[in-house]
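Please keep the sequence and the structure in view while reading.

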Amino acid sequence: MRVRNTVRYAIGAMAAISLFAGCSSRGSQVAPFLGPSGQSGPQSTVRTDSRFVYSTGLAKRYPQVARPAEKSWMRHVNARRPLTYIADFLGGSVTVLDRSANLIGFIGGLTNPNGIFVDSNRNLWVANEYANDILEFARGTTSPSTVLADPNQYPVDVTICPNGTVYASNLFAGPSGTGSISVYAAGSTSPTGMLSYPGQNWNYFVTCDTAGNVFTTLFTSSGAAAVVKYPGGNQSGATVLAIPLLFPGGIKLDNDGNLLVNDQQARTVTEYTEAGNPTGNSITYGDSTNDWVDIAVTRNSRVVAGADALLIQGTSVVFPSGAPRQIYHVPTGPSGNMPFGIAFDLGQNGI
């Protein structure tokens, strides 16, 4: 990705951690990522972390949308109305919109939220990275009904398997440990297990199929990006799939039982079988002005959306044609905006 300035952006007081960027056009190393929020907003025009390098100066590309009141929004929307959620890392919030991009509601008070997930009861789960926890919100509420503690970990995504087991992908263990996946047996609010592929470094996004197999995108210690499968959600038998990947992004199951894998550097979303074989369906979603971090897929698997951290919006396209579908704008935040997570309600089937 094109870097317009190399000045660091700092969002807290944690010691600096040098993280591998994995993108040749960005350089082999990026400036240190500094930890949890708590100070003022951007200190420069460029922010760097282990996911990508991007310019906060691009914020002028999107309209200045007023934030709605932080209160229950259920009365504004039919209980079965399809929704779109966008998690804003810098804004510390989740924006709720309908499929036509009408602003419905707003969940604030979060601490650098990343990946998000909607379960079969249509409740929203948020990887609340720098609070070291996972939050569950009943549909239409702004206060969490469940908090999963993820001590000393920095969760960037969450998924739930059909048996109710929750899996939280941890970018790293603070302050300098490698990534992992925290496992929560159904009903547990503390980790009951941990998954980590031998020789891995940072862990990114995670998804689960109807059989309980868990798939994740990560970096190995050598700097290679990969997709790893944990059969039945277990450490035993974990394997790297033969899926070419330059930089880890969101990963989702479609309703044909195939994997949709986002490559942040190639700027593609490609469909593979669970064995890692390409189906021939793929889209390219932009150029150096785009960076889809996480992705979402509708229940019928015909629309794919990305949380675009460079254009500061959610963008949906028809899959696999790539035809533009909808733009979802993110309300202006006092500390800037960086969409890192996106989810559809209704979303993928079988959860």
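F172 is buried, with a relative accessibility of 1%; buried means under 20% relative accessible area, exposed over 50%, and partly exposed in between, with a 1.4 Å probe and protein chains only. The model is a predicted one, in which local features need pLDDT of at least 70 and side-chain atom pairs count only at pLDDT 80 or more, while totals for chains, interfaces and linings use all residues. Residues are numbered from 1 along each chain as its sequence is written, and side-chain values use heavy atoms, with hydrogens and water left out.

**Aromatic pairs**

Y154 is also buried, at a relative accessible area of 10%. The rings of Y154 and F172 form a stacked pair, because their centres are 4.7 Å apart and their planes lie at 25°. Rings of Phe, Tyr and Trp (its six-membered ring) pair if their centres lie within 6.5 Å; planes under 30 degrees apart count as stacked, over 60 as edge-to-face and the rest as tilted. Since Y154 belongs to strand β12 and F172 to strand β13, the pair ties together parts that are 18 residues apart in sequence. Strands here are DSSP runs (E, at least two residues), numbered from the N terminus.

| Ring pair | Centre distance | Plane angle |
|---|---|---|
| Y154 and F172 | 4.7 Å | 25° |

By the ring rule, the count comes to nine aromatic pairs. Ring pairs also link F89, Y130, Y154, F172 and F340 into a cluster.

**Strand pairing**

In which order do the strands of the open four-strand sheet lie? The order is β12-β13-β14-β15, and the pairing is antiparallel. Two strands pair if DSSP finds at least two bridges between them. β12 and β15 (193–195) are the edge strands, each pairing on one side only. From one strand to the next, the twist averages 30°. Within the sheet, β13 and β14 (residues 180–184) are joined in the antiparallel sense by five bridges, and Y167 has V183 in β14 as its bridge partner.

Elsewhere, β26 (residues 313–318) and β27 (residues 324–329) also pair in the antiparallel sense, over five bridges. Q313 stands opposite H329 in β27. These two strands form a hairpin with five residues between them, and G322 in the turn has a positive phi of about 85°.

**Nonpolar cores**

A nonpolar core is a set of buried Ala, Val, Leu, Ile, Met, Phe, Trp, Tyr and Cys residues joined through side-chain atoms within 4.5 Å. The largest has 28 residues, and those with the most contacts inside it include Y204, V227 and I251. Several strands each supply at least two residues of this core, among them β12 (153–160), β13 (166–173) and β16 (200–208). The most comes from β16, with three residues. Leaving aside neighbours within four places in sequence, V227 is in contact (heavy atoms within 4.5 Å) with residues including T216, L241, I251 and V261. A second, separate core of 16 residues includes V77, L83, V118 and V126.

**Two further buried residues**

R139 is found in the loop between β10 (133–137) and β11 (146–149), and R139 is buried, with a relative accessible area of 11%. S93 lies in strand β6 (residues 93–98) and is buried at 1% relative accessibility. S93 and G109 are 16 residues apart in sequence, yet their C-alpha atoms are 6.4 Å apart in space.

Key
Axes are lines fitted to C-alpha atoms, for helices over the stretch in contact, and angles run from 0 to 180 degrees between N-to-C directions.
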